[in-house]
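Colleague: I would like to go through this model with you before our meeting. Could you take my questions one at a time?

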Amino acid sequence: MKPIALVARALPYVGWLLLAALIFVPAYGGSRYLVYIGTLIALQAALATSLNLIVGYAGQFAMSHAAFYGFGAYASAILINSAGLTFWWSIPAAMLAAAAIAAIIGYPALRYTGGVYLALITFAFGELARLTAANWQDVTGGPMGMRITYAPEALFGFNFANSRGMYWIAVAMLLVTLAVVFFIQRSRFGRALIAVREDEVLASFLGIDVMRHKMIAYVISSALAAMVGTLYAPMMSFISPELLSVHETISLVGIVILGGAGTLAGPIVGTFVFLGIPELLRIESLYRLVVLGVVIVLVVLLMPQGIVGVANRVLKRWQRPKPAPPPAEAEN
Amino acid sequence: MTVSGLKLWLLAAAASVALNAAASAQTVKIGMVNSLTGPHASFDLPAAEGVQMAFDEINKKGGITVKGKKYTFTLVSEDAQSKPELAVSGAQKLLRDDDIKVVFGILTSGPGMPAATLFGKSDILYFGGFTLLDTLLGKPGFELAFRTLDADSVVSKSFVPTSVKELGVKKVGILLPNEDVSRSIVAAYKPLLEGAGVTVPIVEYFQPDTSDFAPVLRKFQNMELDGLLTGTNDAMVEAIVRQSTELGNLPKKFLYRGGSGAPGIKYSKQIDGFVWQILTRDLDYASENKVKEWIERYKAFTKKDMSPNTYWALTFYDTVFMMAKAMEQVGSVTDLKAIAASIKGMRYDGVRTMRFDKDGRAQADIDIGILKDGKISSVRAPFE
Amino acid sequence: MLLDIAQTAVDGLMVGGLYATVAVGVTLVFGIMGILNFAHGQMVMLGAYVAFYSVTTGLGFWPGLALAALSMALFGLILERLIFRHTLTDHMAGLTVSLGIIMVVEHLASAVFTPDHRTFDPPLAGSVRFAGMTLSAQRLLVLALVLLLVGAFYLFLQRTRFGKAIRAMGQNRTGAALVGVQITHVTAAVFAIGSAMAGAAGALYGSLFAITPYMAAAPLMKGLILTVLGGLGSVPGAVAAGFLLGLAESFGSRYLSASFRDGYGFVLMIVALLYFPTGLFGVRGTARV
């Protein structure tokens, strides 16, 4: 085997080792700022990874992700403040509620319509959720939002109430989301999901229950978004209906496509690019976002499979000296 | 990099920061966090400019004198991008610098609340402007926080009786956006209106980004209202005034909870009366010389024209001077508790006269602008 | 009471006309061409600013309206050549590339125009009384202009050779190419026309309401919803849906709660999509997924 092929084989593992190393940087010897940025990146990456499940793997255009994220934050805050649940119990409760709502929305949307209609129905649901949060004064505080004073309780003798504790929760959420997507990708279910994305008709001929697969992906993806949302509330100490805005979803889709839809590493790479570019540029803040916009356009035009998608293709070519068959999807 | 390697590197970085601080002992670092981009920029940008302009003027005069030593100011600015999580990351970035003990900025509650909470926890002298800051002031942990915009509970006390008297209204409807600020407006204004003998039969909230007010205005028709209390910014109020003159059968007298006469003056021929709060001075119709001069300096400094939101710049401008004066009086640029106490005990005659109450709520003298029978006048309402 | 209902209905129709204009543009680009351009709303915004500067520099509203349409047609053409030609019917790529364009356009607009709200004087002021109703004169003018614009466009689509080529392409891209339609030219032209409609809608919008660099989201979302509600690719459908949405918002805000205004349209859309999955005027087969 040529050295370049060896390097190419090793590179993905190097990437994951790098991620593991990055995870430990804020944990030891990092400033509060670094810990916060780490938490933010982990949350954003977890959110993008969970969106990737429905958008990247199942190829379904769901626009309700920020709504479920915000729902998770509100549901957990309300359960803790009014029903006296602990933070930890509010996570599964919020996830279950989100899953139930996703099923109610997803069933008719996917059953009768799907495709771009799904995008619009989920978008409409998201905006309705935002308007509900802004109008249901007694429960959500309406436009005044909710001030969050609780913090995650200590667990197994480990203090989660400070910023470092919350950082570990965010990392755990990212790892859980990654694990879910990883196992789905390797499973029979995941392969069927990709078949559905590539050709629904063909998939149904192969005996795949197309509707059921899309539904499950949507429900899992939405429940994971709600899980990530539960941490947002204590982390920011304040939630308001703006959190559920569809702009957030559009940015998330951008992150997924930028990094590479249907790849495990894509959403993480996308998050780094999305948050990193404005941070690294030393020009007036207005123009940082203009540059980010230009980068997004260029990536879509020049590498439609996203950064990780293109990297995978290059790696494949290096691994095998002969021209590779059509690029495989959904790996790493 | 190993953990110990990392620690070494961090130590070196910390040492270089310390060296820098020692070399520039005569400057005070001021932090700023504002939404310089995104939809909240129209509020935060003028506020940021007011802060920059004030410090620029102080520096040009050679800075402040504290215990015989001259200090100038340097500003470090972060962009919140109109997003709560980025407001916090901007704030955290400022906190990384141990020399930054004072922070100015943020006029909207979404990004403001989390940032202010963080500043409260970190013992930062913080000057913000957003509405919900009022709910934090006076609570434990927020002793060092100030809200530079006048609280509705204070402003309304002089505004309501004056406008009821000037306009002679008896039955007033309230129409406001469904926003955080509106709830505190209704809580403050409705009882005062009723106390002044006015009935308030209808209070309506509209979706904040509404541009077509026809349907909601129809709710106010046929109620024999003679006045409409509305807000909260010029664009909304201009639309409401214009559309209510077009629809007809609606009150022709307006009480504007906001800082400019422009929306009413534009339609002065179609309406019977319009009163507004000149929370700063009336920038559009400035009469006093110090206001006129300030406007010229503002234009020269920002290379921009006046806009309805320019008055945020003025509130922050005067606040900066109050803080600088407090530092001189206390004789320290780092004793934040003493500086805060000094600001709260101060009555400052700047471009406008202002002071802060014991919890850090701004109280400025306000002028009330009155448009009646096509004529514009103003009355001064004293602050207590 | 009856008068009130009638007035509310007219209010709804007048604002619905504005929605319809945006929806026709989106129908062309998204419904017929299958290109998902989320930056369509930014063109509405830019059109409004063209009209704003035209009025405030003394050029006047009418040249401003024409300039808004022309400049956006040109802008659309450039975008199509440089960007959307390469993403075409890939919705996710379209969405992402639009996200990039939105960031560039919005932030540059904010730098150039300042983020403040702006208004300009409309050609007509005051109101007209008609059958006991009081109606805004400028809104009536906008309604008339919208009907004229949309009517002319509909005739163009139905009667001219070029219009037929567009419709043929909407039904079947490959088929149209086989019978000799110059696909690339038609796509570019349609993109330009759709953008011109957005520019015109922006100028009309600005004559009624305040404008800001960040105003684009609402017109776009409404345009997309209407395109689907009216049946992908159907111009009469989009227009009808526009008026329907105007009515729903008007009645909802008047008789229910005004702070839930946009919600009525979403409820309407969800119900319609569930019961009429191909839209009000939709034909099966035009939906591209």
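Modeller: What follows is a conversation about the chains of this predicted model, their contacts and their folds.

Colleague: Let us begin with chain A and chain B. How many residues of each are in contact?

Modeller: On the side of chain A there are 22 residues, and they are in contact with 25 residues of chain B.

Colleague: Which helices of chain A each supply at least two residues of that side?

Modeller: They are helix H2 (32-57), helix H5 (115-135) and helix H13 (285-302) of chain A. The largest share, five residues, comes from H2(A).

Colleague: And how do the residues on that side of chain A divide by class?

Modeller: The side of chain A that touches chain B has 12 nonpolar, seven polar and three charged residues.

Colleague: How many residues of chain A are in contact with chain C?

Modeller: Chain A contributes 32 residues there, in contact with 33 residues of chain C. Helix H4 (87-113), H5, helix H11 (246-259) and H13 of chain A each supply at least two residues of the side that touches chain C. By class, that side of chain A has 25 nonpolar, six polar and one charged residues.

Colleague: What is the order of the strands in the open sheet of chain B?

Modeller: Nine strands of chain B form this open sheet, in the order E2-E3-E1-E4-E5-E6-E14-E13-E12, and the pairing is mixed. Its edge strands are E2 and strand E12 (347-349) of chain B, each of which pairs on one side only. On average, neighbouring strands of this sheet are turned by 30° against each other, direction ignored.

Colleague: Remind me, through what do strands of a sheet pair?

Modeller: Strands of a sheet pair through backbone hydrogen bonds, in either a parallel or an antiparallel arrangement.

Colleague: In which sense do E1 and E3 of chain B pair, parallel or antiparallel?

Modeller: Strand E1 (residues 27-34) and strand E3 (residues 69-79) of chain B pair in the parallel sense, over eight bridges. In E3(B), B:Val76 is the bridge partner of B:Gly31, and B:Thr72 is the bridge partner of B:Thr27.

Colleague: And E2 with E3 of chain B, parallel or antiparallel?

Modeller: Strand E2 (residues 64-66) of chain B pairs with E3(B) in the antiparallel sense, over three bridges. B:Ile64 stands opposite B:Tyr71 in E3(B). The hairpin of E2(B) and E3(B) has two residues between the strands, and B:Lys67 takes a positive phi near 50° in it.

Colleague: Which strands of chain B does helix H13 lie across?

Modeller: Helix H13 (residues 336-344) of chain B lies across strand E5 (125-128), strand E6 (145-150) and strand E13 (353-356) of chain B, and runs at about 40° to E5(B).

Colleague: Finally, chain C. How many helices and strands does its secondary structure come to?

Modeller: Chain C has 11 helices and two strands. From the N terminus on, its elements run α-α-α-α-β-β-α-α-α-α-α-α-α.

Colleague: Does its radius of gyration agree with a compact globule, or disagree?

Modeller: It agrees, because a compact globule of 289 residues would have a radius of gyration near 19 Å and chain C has 19 Å. Along its principal axes, the C-alpha trace of chain C spans about 55 × 45 × 35 Å. Of its 289 residues, 62% count as buried.

Colleague: What about C:Ala69, buried or exposed?

Modeller: C:Ala69 counts as buried because it has 24 C-beta neighbours inside 10 Å, and 20 or more are required. The residue is located in helix H3 (residues 61-87) of chain C.

Colleague: Which residues does C:Ala69 touch?

Modeller: Not counting residues up to four places away in sequence, C:Ala69 touches C:Ala196, C:Gly199 and C:Ala200.

Note on methods:
Residues are numbered from 1 along each chain as its sequence is written. Chains are lettered from A and ligands numbered from 1 in the order in which they are written. This is a predicted model: local features need pLDDT of at least 70, side-chain atom pairs count only at pLDDT 80 or more; totals for chains, interfaces and linings use all residues. Two residues are in contact if their C-beta atoms, placed from the backbone, lie within 7 Å. Helices (H or I, at least four residues) and strands (E, at least two) are DSSP runs, numbered from the N terminus. Ala, Val, Leu, Ile, Met, Phe, Trp, Tyr, Cys and Pro count as nonpolar, Asp, Glu, Lys and Arg as charged, and the others, Gly among them, as polar. Two strands pair if DSSP finds at least two bridges between them. Axes are lines fitted to C-alpha atoms, for helices over the stretch in contact, and angles run from 0 to 180 degrees between N-to-C directions. The radius of gyration is taken over C-alpha atoms; the globule rule is 2.2 Å times the number of residues to the power 0.38. A residue is buried if 20 or more other C-beta atoms lie within 10 Å of its own, exposed if 12 or fewer, and partly exposed in between; C-beta atoms are placed from the backbone.
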